[in-house]
Amino acid sequence: MRYELYIDVFLFTSFCLDFEALFLADVLLKKEVKIRRLCGMAALSTICSAILFLWMHHYLWYLGILYVIVHPLLVFLTFREKRIGTFVRDVLVVYLVYFLLGGVMEWVHMSLFAGKNRMGAIFLVAGIGLLAACYLKWQMEVGMQIILVHLWIGDRELTLSAYHDTGNLLEDPYSHKPVHIIAERTVRPYLQEEKKHARLIPYTSLGQTDGLLEIYTLDKLVIDKRQKQIRIEHPVIGVAADALFSGSSYQMILNHRLQE
């Protein structure tokens, strides 16, 4: 029995599956690999798959080399994971995504397109998959920007949810320290003794031009960021109107510069 090979369909299908598998695995595993690297690795895998397919005379040998050597090597080159256990997990996640994508693509091709127009099925599944992956990545990035922080005012500790805002570049013009913003309702009851040390700085980054922000230098701020803690001695905290935090799940906006 002879089969006709449409090389353009083969290459396009292979690239889409490789790229989406790597991209979805990157999102699920929180690897944060750059898109151009994912594209490069998917293209390399596609070229290797095409060479093997054209060179190998036995299909089972082709599948064996592809899934035992090429794809694990692709995962290693993409994520560069040197720990055996984590590398095996990465490979299994990529294979799981391959399996799901291939099954969905075949179902769409046979059910929605009645076994015709395979390219249309590939475009549809690839497009929906990419949109879903981008949305998931965005949701996870937003979630990672909500951070648990501990603020000390004298001997009192406040545990708050904070948003790491890369657009908050506000700086104390006197000490040149970054200013972290906190909701007035959250901190006002604890600032009675600090009131005499308050000072005002101009700001334009909170939706108001030519405004003044009341700031305090407090005792300590500890930020739980991912799997490490960032300790800031004598942080500068600005007290903003509650309207700035309306509808938000956080009570504090961290400055772009966390390390100072």
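**Entry 1. Salt bridges**

I began with the side chains of Asp-172 and Arg-199, which meet in a salt bridge with 2.8 Å from N to O (a side-chain nitrogen of Lys or Arg within 4 Å of a carboxyl oxygen of Asp or Glu). This pair links distant parts of the chain, 27 residues apart: Asp-172 lies in the loop between S2 and S3, and Arg-199 in strand S4, residues 199-203. Helices (H or I, at least four residues) and strands (E, at least two) are DSSP runs, numbered from the N terminus.

I note that the model is predicted: local features need pLDDT of at least 70 and side-chain atom pairs count only at pLDDT 80 or more, while totals for chains, interfaces and linings use all residues. Residues are numbered from 1 along each chain as its sequence is written, and side-chain values use heavy atoms, with hydrogens and water left out.

I then looked up how the two partners are covered. Asp-172 is buried, at 0% relative accessibility, whereas Arg-199 is partly exposed, at 24%. Buried means under 20% relative accessible area, exposed over 50%, and partly exposed in between (1.4 Å probe, protein chains only).

How many salt bridges does the count come to? I found 7 salt bridges by this rule. One of them joins the side chains of Arg-89 and Asp-90, at 3.1 Å from N to O. Arg-89 is partly exposed at 39%, and Asp-90 is buried at 0%.

I next recorded a salt bridge between the side chains of Glu-184 and Arg-188, with an N to O distance of 3.1 Å. Salt bridges that share partners join Glu-184, Arg-188 and Glu-214 into one network. Glu-184 is partly exposed, with 30% relative accessibility, and Arg-188 is partly exposed with 22%. Side chains of opposite charge can pair when their charged atoms come close.

**Entry 2. Aromatic rings**

I found 8 aromatic pairs in the structure. The rings of Phe-15 and Phe-19 have centres 6.2 Å apart and planes at 10°, so this pair is stacked. Rings of Phe, Tyr and Trp (its six-membered ring) pair if their centres lie within 6.5 Å; planes under 30 degrees apart count as stacked, over 60 as edge-to-face and the rest as tilted.

Phe-15 and Phe-19 both belong to helix H1, residues 7-29, and stand 4 residues apart, about one turn of the helix. Phe-15 is partly exposed at 29%, while Phe-19 is buried at 11%.

Phe-76 and Phe-87 form an edge-to-face pair, 6.2 Å centre to centre with 80° between the planes. This pair links distant parts of the chain, with Phe-76 in helix H3 (residues 59-79) and Phe-87 in helix H4 (residues 84-112), 11 residues apart.

I also noted that ring pairs link Phe-15, Phe-19 and Phe-23 into a cluster. What sits over the ring of Trp-152? The charged end of Lys-220 does, at 4.4 Å from the ring centre (NZ of Lys or CZ of Arg within 6 Å of the ring centre and within 35 degrees of the ring normal).

**Entry 3. Backbone and buried positions**

Most residues other than glycine have a negative phi, and most peptide bonds are trans. I found a positive phi, near 65°, at His-176, in the loop between strand S2 (156-164) and strand S3 (179-183). His-234 likewise has a positive phi of about 55° although it is not a glycine. This His-234 lies in the loop between strand S7 (228-233) and strand S8 (236-240) and is partly exposed at 44%.

Is Asn-255 buried or exposed? Asn-255 is buried at 0%, in the segment after strand S9 (252-254). The Asn-255 side chain reaches the backbone oxygen of Asn-168 at 3.3 Å.

Val-149 and Asp-224 are 75 residues apart in sequence and 5.9 Å apart in space, C-alpha to C-alpha.

Key. Polar contact = N/O pair within 3.5 Å; in protein donor to acceptor, adjacent residues only side chain to side chain.
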